[in-house]
Amino acid sequence: MQNAPHIPVLLNEVLEILKPAKGQTIIDCTFGYGGYTEAILKTGANVIAFDRDPSVLPRVKELQKKYGNLEFHNLPFSQIGIIKEKVDSIVMDIGVSSMQIDTASRGFSFRFDALLDMRMGEGATKTAADILNTSKPERIAKILREYGEVSHAGSITKKLISNRPIETTAQLTKLLPHKDIPKVFQALRIAVNDELNELATALAATKSLLAAGGRLVIVSFHSLEDRIAKNFFTPKQPSASRYAPTPAQVKKDFQTLAKNAIIPSTEEVALNPRAASAKLRAGIRI
C-alpha cells in the first residue's frame, strides 16, 4: 500500500448524514485507506469495517492501535450479513480505491504498464487478462457494453480477439480508441470483481442490519452503481393492472434524505479531481 494519504470523497457530507456519536456502531463497507473509518472513530463511535484487499491490513492495525474500537473483516462487503447485531449506520464508498489505482503492479490503471490483473482481493479468481484471452467474443462484448457503456463494443471485441494474447495494460491500451480506454478498463474491473452483484447483495443485507432510524450512505463513482443505489432507495412502482381496484404499491424500506444525488463542491473537486464523478445518496431505515 502506498504511503501517501488517500483523500476521502464527500467526507463532510457523509459525516453530516451519519451523525456518528460515542456508543454508536457504524459499518464502513469499503475501508480502503480508512478515511471514513478514522473520521468516525474520532467521534468515539465504534466501527466494523470490511475490505477484501489484504494490502489494507497495516493501515487497519495502525487505526486499531490508535483508537481501539475498530473491528475489521478482510472480506468483500457483500458479506456484511455476517454481522448479527443491529448497527446504527452503514456507509459504502463503491469502486476502486486510489491506492489500488496508484499501485502500478495491480493492473488497474492505463497510466502504468503492468500485467492485466485488476483483482481487488479475496473472491476474484480470474484476472482481466484471463477474461480477455479465454472468454467467448459474445461475453467480452457484453462486458464492454453493459459495464463500460462502450458504444462500439462489437468492433472493439473483434480487434481484441484478433490480437490475443493480451497480457499487459499497455498492450490493451494500444488496441483501444482513446475515448474508450477508461470505459474498457472500468468494464473489465467490474467483471473481474463482480462489483455490481457485490453491491446488490450488500444493499439487501442493510435491511436486516439497520434498525428503524438507522442511516445508509452510498457514495458511487459511475452511472451503473448510482442507478442501483437510486433504485434501491426509490424502487419503481410496478404497472398497475387496469382491472385492479387500487394502484399497486411499493413497500419502501428507506426514506431518502435528498431528492437528488449530492455531488462534491467545486472546491473539493479542485483539491481532489478524482471526486468529480462522485454521487452520494442516503436514506433512513423506516
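Modeller: In this predicted model, seven strands form an open sheet with mixed pairing, and their order across the sheet is β3-β2-β1-β4-β5-β7-β6. The edges are formed by β3 (70-73) and β6 (254-256), each of which pairs on one side only. From one strand to the next, the twist averages 20°.

Within this order, β1 (residues 25-28) has parallel partners in both β2 and β4: 4 bridges join β1 to β2, and 3 bridges join β1 to β4 (residues 87-93). On the β2 side, Thr25 stands opposite Asn46, while on the β4 side the bridge partner of Asp28 is Val91. Strand β2 (residues 46-50) has 4 of its 5 residues buried and is therefore largely enclosed by the rest of the structure.

Helix α1 (residues 11-18) touches β4, β5 (210-220) and β7 (279-285), and its direction makes about 170° with that of β5. Helix α10 (residues 195-209) touches β1, β4, β5, β6 and β7, with a direction at about 160° to that of β5.

The buried residues of α10 are Glu195, Leu196, Glu198, Leu199, Ala202, Leu203, Ala205, Thr206 and Leu209. In general, an α-helix has 3.6 residues a turn, so residues three or four places apart point the same way.

Helix α10 also packs against helix α9 (residues 181-193), at an angle of about 55° and with the two axes 6 Å apart. The two helices, α9 and α10, are therefore oblique to each other. Arg189, Ile190 and Asn193 of α9 make this contact with Glu195, Leu196 and Glu198 of α10. Sorted by class, the contact of α9 with α10 comprises 2 nonpolar, 1 polar and 3 charged residues. Its three α10 members, Glu195, Leu196 and Glu198, also belong to the buried residues of that helix.

Helix α9 has a further packing partner in helix α6 (residues 137-148), where the angle is about 100° and the axes lie 8 Å apart. This angle makes α6 roughly perpendicular to α9. From α6, the residues Ile143, Leu144, Tyr147 and Gly148 meet Lys183, Val184, Gln186, Ala187, Leu188, Ile190 and Ala191 of α9. By class, the contact of α6 with α9 has 8 nonpolar, 2 polar and 1 charged residues. Ile190 of α9 takes part in the contact with α10 and also in that with α6.

Gln186 lies in helix α9 and is buried, because its relative accessible area of 19% falls under the 20% cut-off. Apart from its neighbours within four places in sequence, Gln186 is in contact with Tyr147, Gly148, His222 and Leu224. Of these residues, Tyr147 and Gly148 are in α6.

As for the chain that holds this part, there are 12 helices and 7 strands, and 48% of the 286 residues are buried. Among contacts with a separation of 6 or more, 65% are between residues 24 or more positions apart.

Methods
Residues are numbered from 1 along each chain as its sequence is written. This is a predicted model: local features need pLDDT of at least 70, side-chain atom pairs count only at pLDDT 80 or more; totals for chains, interfaces and linings use all residues. Side-chain values use heavy atoms; hydrogens and water are left out. Two strands pair if DSSP finds at least two bridges between them. Axes are lines fitted to C-alpha atoms, for helices over the stretch in contact, and angles run from 0 to 180 degrees between N-to-C directions. Contact means heavy atoms within 4.5 Å. Buried means under 20% relative accessible area, exposed over 50%, partly exposed in between (1.4 Å probe, protein chains only). Angles under 35 degrees count as roughly parallel, over 145 as roughly antiparallel, 65 to 115 as roughly perpendicular and the rest as oblique. Ala, Val, Leu, Ile, Met, Phe, Trp, Tyr, Cys and Pro count as nonpolar, Asp, Glu, Lys and Arg as charged, and the others, Gly among them, as polar.
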